[in-house]
Amino acid sequence: MASGRRYRAGESVEDYCRVCKTDRLHTVIAADADGRPIRVDCGYCHSEHNYRGGPRIAAAGGEARLQTPARSGSQGTGSGSRAVAAVRPRVDRDPFPLVSERERIRAPMPIDDDTDLELLLRRIIREEAGVTPVVPSEKWRGGMLALRPGTPGLQEKTWPIETFFHKVVMLRNRLRTLEQQINAADLPEDLKVKLQGYISGCYGTLTSFNVLFADEDDQFKGAGGD
């Protein structure tokens, strides 16, 4: 942070990754009021951890980082950022983490240096509920979902987009599982067709949420005309 730059959630910052055991570009999950990163996500292995203060490995002449394996990116500013640009992850192709610091509703309850009890429980619940990492459309990163009452004077309700996105993904996954179970069940064909019609109708109703997904393969597919 010697540069004095202020960071916001969703931006990239270089930090040391304990899992990769080297410096990596990370995505800022949470930052304090002064713009200092608090929690980051490794762009290579996607491990989440507290910000450790920046890179620890000095690059010889600025060229060593060009050999660091990572997904390529095209961002970077100024002549001094060319090496960083070569290892910058493609943030727009990364899924939302299963849990994020923005969803916290209680004070941190650390178990160890890298694990917080609330976020750990959220991760376990979502994994057991069938939530899988899915790439969101880039424009929703760092966004908020707001419900604004029509009655003047009432407070609106907001959630991080990540929370809503995970619920949509969980619903989609459960519909897919239900469809698979129906197809594999020993049921009369006319009943299977009827039940599959209901599921297709659900998919069609939920196509409004396709705007959240970056990849077409992740979207809801309804019957023609739904």
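Predicted model: local features only at pLDDT ≥ 70, side-chain atom pairs only at ≥ 80, totals over all residues.
Where does lysine 221 sit along the chain? It is in the segment that follows helix H4, residues 189-205. Setting aside residues up to four places away in sequence, lysine 221 touches Tyr203 and Glu216. Threonine 207 is 14 residues from lysine 221 in sequence, and the two C-alpha atoms are 6.8 Å apart in space.

Is lysine 221 buried, exposed or partly exposed? Its relative accessibility is 43%, so it counts as partly exposed, since that value falls between the 20% limit for buried and the 50% limit for exposed.

Now to the sheet. Strands of a sheet pair through backbone hydrogen bonds, in a parallel or an antiparallel way. Here there are four strands, in the order E1-E2-E3-E4, forming an open sheet with antiparallel pairing. Which strands are at the edges? They are E1, residues 12-17, and E4, residues 48-50, each of which pairs on one side only. From one strand to the next, the twist averages 45 degrees.

Strand E3 covers residues 37-42 and is joined to E4 by three bridges, with the two running antiparallel. Which residue in E4 is the bridge partner of valine 40? That partner is histidine 49.

Terms used: Residues numbered from 1 in each chain as written. Heavy atoms only, no water. Pairing = 2+ DSSP bridges. Axes fitted to C-alpha atoms, helices over the stretch in contact; angles between N-to-C directions. Buried < 20%, exposed > 50% of the residue type's maximum accessible area, 1.4 Å probe, protein only. Contact = heavy atoms within 4.5 Å.
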